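I opened this structure for the first time and kept notes as I went. The entries below follow the order in which I looked things up.

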Amino acid sequence: MQRIVTLIYSIKQGIKNIKRNRMFSIASIGTITTCLFLFGIFYCLLMNFQHLLLNAEKGVSVTVFFDENITDEEISAIGDKIRVRAEVSSYDYVSAQEAWEEYKATKLNPEQIASFGNDNPLENSAHYIVYLNDIELQDVLVRYLQSIPGVRQVNSSKAIADMFSGVNKGLAYGTGIIIAILLGVAIFLISTTVTMGVSVRRQEISIMKLIGATDFFIRAPFIVEGIIIGLVGAILPLGLLYFVYNKAIAYLMTGFNSPFGQTPLLKAGSVFSALIPISLAIGVGIGFLGSFMTLGKQLRKIN
């Protein structure tokens, strides 16, 4: 019962502290809101980029060509070695005749086709098309394929792999730096807000200490204050982000001839199912840390 009374008292006093220092409280909430809004934007970008990357990887392949005069059994043996590799999601065999038929259909006109008669100029072009689980493992797979006896040549898409990896890492690093700066500012502002609250209640806290109030009883309202500020600062950007994200997705998918038309972007539910708990945890964590770190130093100054 005593704990419930203390909790109710702490919540009431925490709300009063916010009202007393409303300017600093608003500034703290605004900073957290800005921080988590930017975090949410980068999170949405990262999630969708990774989604697009996974879909793009399905279309990126490594092509394995064989030595001349290789037997069907040897080609099959190479296929068995490819199949068991962890980097490989699937692979297809394309015969020389299939390669020639595809080339004729896409590259040649009827007069050019007729000039070859019944000859197949691509008679040594049989190959495997190998699809990867992770495009970043392409170099490892290529080195292995080149070491297999009977493999003449391995064609890969290194430039595409490097581009995807570079953009992904760049977004991750950029997000981390910006969020770290904003988190530092948010914690500083909450610390300032709590400091102001302690100063306003200095005489009251001093009396509470004299009559034997515990540290927890004195600290709790200020910690509640920080948590409320952090919680409000997390809820506001989540609502705004949800609205903006749905509008942005609808525009990108239908507003113009979108390059994403064949690869749908992630729906709001898929993104926000993880973003909501993460943002709330960050907001509450900022509020708790900002108030907790400040309280010890400020309360020691009060006799």
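**Entry 1: Layout**

I counted the secondary structure of the chain as ten helices and four strands. Helices here are DSSP runs of H or I with at least four residues, strands are runs of E with at least two, and both are numbered from the N terminus. Read from the N terminus, the order of elements is α-α-β-α-β-α-α-β-α-β-α-α-α-α.

I noted that this is a predicted model, in which local features need pLDDT of at least 70, side-chain atom pairs count only at pLDDT 80 or more, and totals for chains, interfaces and linings use all residues. Residues are numbered from 1 along each chain as its sequence is written, and side-chain values use heavy atoms, with hydrogens and water left out.

I then looked up burial: 39% of the 303 residues of the chain count as buried. Buried means under 20% relative accessible area, exposed means over 50%, and partly exposed is in between, with a 1.4 Å probe and protein chains only.

**Entry 2: Salt bridges**

I looked for side-chain nitrogens of Lys or Arg within 4 Å of a carboxyl oxygen of Asp or Glu, which is the rule for a salt bridge. The count by this rule is two. Side chains of opposite charge can pair when their charged atoms come close.

I found D80 bridged to R83, with 2.8 Å between the closest N and O atoms. Both residues sit in helix 3 (residues 72–83), three residues apart, or about one turn of the helix. D80 is partly exposed because its relative accessible area is 35%. R83 has 46% relative accessibility, so R83 is partly exposed too.

I found R85 and E87 joined in a salt bridge, at 2.8 Å from N to O. E87 is at 7%, so E87 counts as buried.

**Entry 3: Charged patches**

I checked the surface for patches, which are made of residues with over 30% relative accessible area and no salt bridge, like charges being joined within 9 Å. Lys and Arg count as positive, Asp and Glu as negative, and His and the chain ends are not counted.

I listed K12, K16, K19, R20 and R22 as a positive patch. Helix 1 (residues 2–20) gives the largest share of this patch, four residues. K12 lies in helix 1, and K12 counts as exposed because its relative accessibility is 53%.

I listed a negative patch as well, made of D67, E68, D72, E73, E74, D119 and E123. E74 is placed in helix 3. The relative accessibility of E74 is 41%, so E74 is partly exposed.

**Entry 4: A positive phi**

I looked up N69, which is not a glycine and yet has a positive phi, near 60°. Most residues other than glycine have a negative phi, and most peptide bonds are trans. N69 sits in the loop between strand 1 (61–66) and helix 3. N69 counts as exposed because its relative accessibility is 74%.

**Entry 5: Aromatic pairs**

I searched for rings of Phe, Tyr and Trp (its six-membered ring) with centres within 6.5 Å; planes under 30 degrees apart count as stacked, over 60 as edge-to-face and the rest as tilted. How many aromatic pairs are there by this rule? The count comes to six.

I looked at Y242 and F272, whose ring centres are 5.2 Å apart with the planes at 75°, so this pair is edge-to-face. The pair links distant parts of the chain, with Y242 in helix 9 (residues 215–254) and F272 in helix 10 (residues 268–300), 30 residues apart. Y242 is partly exposed because its relative accessible area is 43%. F272 is at 3%, so F272 counts as buried.

I found that Y245 also pairs edge-to-face with F272, at 5.9 Å centre to centre and 70° between the planes. Y245 in helix 9 and F272 in helix 10 are 27 residues apart. Y245 and F272 are both buried.

I also noted a cluster in which ring pairs link F66, Y91, Y93 and Y128.

**Entry 6: A contact across the sequence**

I looked up A220, which is in helix 9. A220 is buried because its relative accessible area is 8%. A220 and Q13 are 207 residues apart in sequence, while their C-alpha atoms are 8.9 Å apart in space.

Note on methods: Patches are made of residues with over 30% relative accessible area and no salt bridge: like charges are joined within 9 Å, nonpolar side chains (Val, Leu, Ile, Met, Phe, Trp, Tyr) within 5 Å. Accessible areas come from the Shrake-Rupley method with a 1.4 Å probe; for residues, only the protein chains shown count as cover. The place of a charge is taken as NZ of Lys, CZ of Arg, CG of Asp or CD of Glu.
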